[in-house]
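Dear colleague,

I am handing over the structure below, and after it you will find my notes on what was found. Please read them alongside the model.

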Amino acid sequence: MMKFKMKIPIEVSPIMNDGFHLFVKGKLGRKNVRLLLDTGASKTVLSKKFIDDHLKQHLLHKNEQHATGLGSNQIVSEVISITNFKMGDIKLPEQQFAVLDLKHVNETYQKLNLIPIDGVLGSDILVSLNAVIDLKTAFLQF
């Protein structure tokens with residue numbers, strides 16, 4: 001049996017009557033973040049609002065590649081380099097995050113009485129950490 005060094009709880013939330021969304025908690029510096037766990041997202045994303053509210057001192061750079069998904073064909077995005085991202089006891093080395101306006105996602109969550117998100121944990125980080133999603137125990141394991 002494979003031994004995992006770290007486990008992070010996953011919040012499994014029903015969406016309407018026929019689906020679920022998965023959420024994990026992390027920290028950026030001293031700020032808690034709530035992230036949607038999305039294996040289909042190629043890049044981890046932070047909310048533009050979260051950046052504006054808590055990380056104004058960080059430089060944003062225009063992303064030359066358009067993002068796709070999240071209900072739109074092409075989305076203009078920015079990127080930010082973060083050195084103080086943690087999940088549980090795992091501190092990631094400098095990581096590039098896409099920065100997108102997630103207002104429409106959070107408006108939908110509000111209508112569904114779900115807590116808003118600060119970003120999306122994508123497959124870039126999940127693959128780099130060799131993550132395993134265990135829905136039976138509701139843990140993200142590394």
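**Salt bridges, a pocket and a sheet**

Arginine 34, at 8% relative accessibility, counts as buried, where buried means under 20% relative accessible area, exposed over 50%, and partly exposed in between (1.4 Å probe, protein chains only). This is a predicted model, in which local features need pLDDT of at least 70 and side-chain atom pairs count only at pLDDT 80 or more, while totals for chains, interfaces and linings use all residues. Residues are numbered from 1 along each chain as its sequence is written, and side-chain values use heavy atoms, with hydrogens and water left out.

The side chain of arginine 34 meets that of glutamate 11 in a salt bridge (2.8 Å, N to O), the term standing for a side-chain nitrogen of Lys or Arg within 4 Å of a carboxyl oxygen of Asp or Glu. Because glutamate 11 lies in strand β2 (residues 11–15) and arginine 34 in strand β4 (residues 31–37), the pair ties together parts that are 23 residues apart in sequence; helices (H or I, at least four residues) and strands (E, at least two) are DSSP runs, numbered from the N terminus. Glutamate 11, at 31% relative accessibility, is partly exposed.

By this rule the count comes to six salt bridges. In another of them, lysine 48 and glutamate 78 meet through their side chains (3.5 Å, N to O), and since lysine 48 lies in helix α1 and glutamate 78 in strand β9 (residues 78–82), this pair ties together parts that are 30 residues apart in sequence. Lys48 and Glu78 are linked with Asp52 in a network of salt bridges.

Helix α1 (48–54) also gives the most to the lining of the second largest pocket, with five residues. A pocket here is an open set of points on a 1 Å grid over the protein atoms alone, where a 1.4 Å probe fits, with protein on both sides within 12 Å along at least five of seven lines, and lining residues have an atom within 4 Å of a point. The lining comprises 13 residues, of which Ser47, Lys49, Asn106, Ile117 and Asp118 lie nearest the pocket's centre.

Finally, three strands form an open, antiparallel sheet in the order β1-β15-β14, two strands being paired if DSSP finds at least two bridges between them. β1 (7–9) and β14 (132–134) stand at the edges, each with a single partner strand, so one side of each is left without a neighbour in the sheet. β14 pairs with β15 (residues 139–141) over three bridges, and aspartate 134 stands opposite phenylalanine 139 in β15.

With best regards
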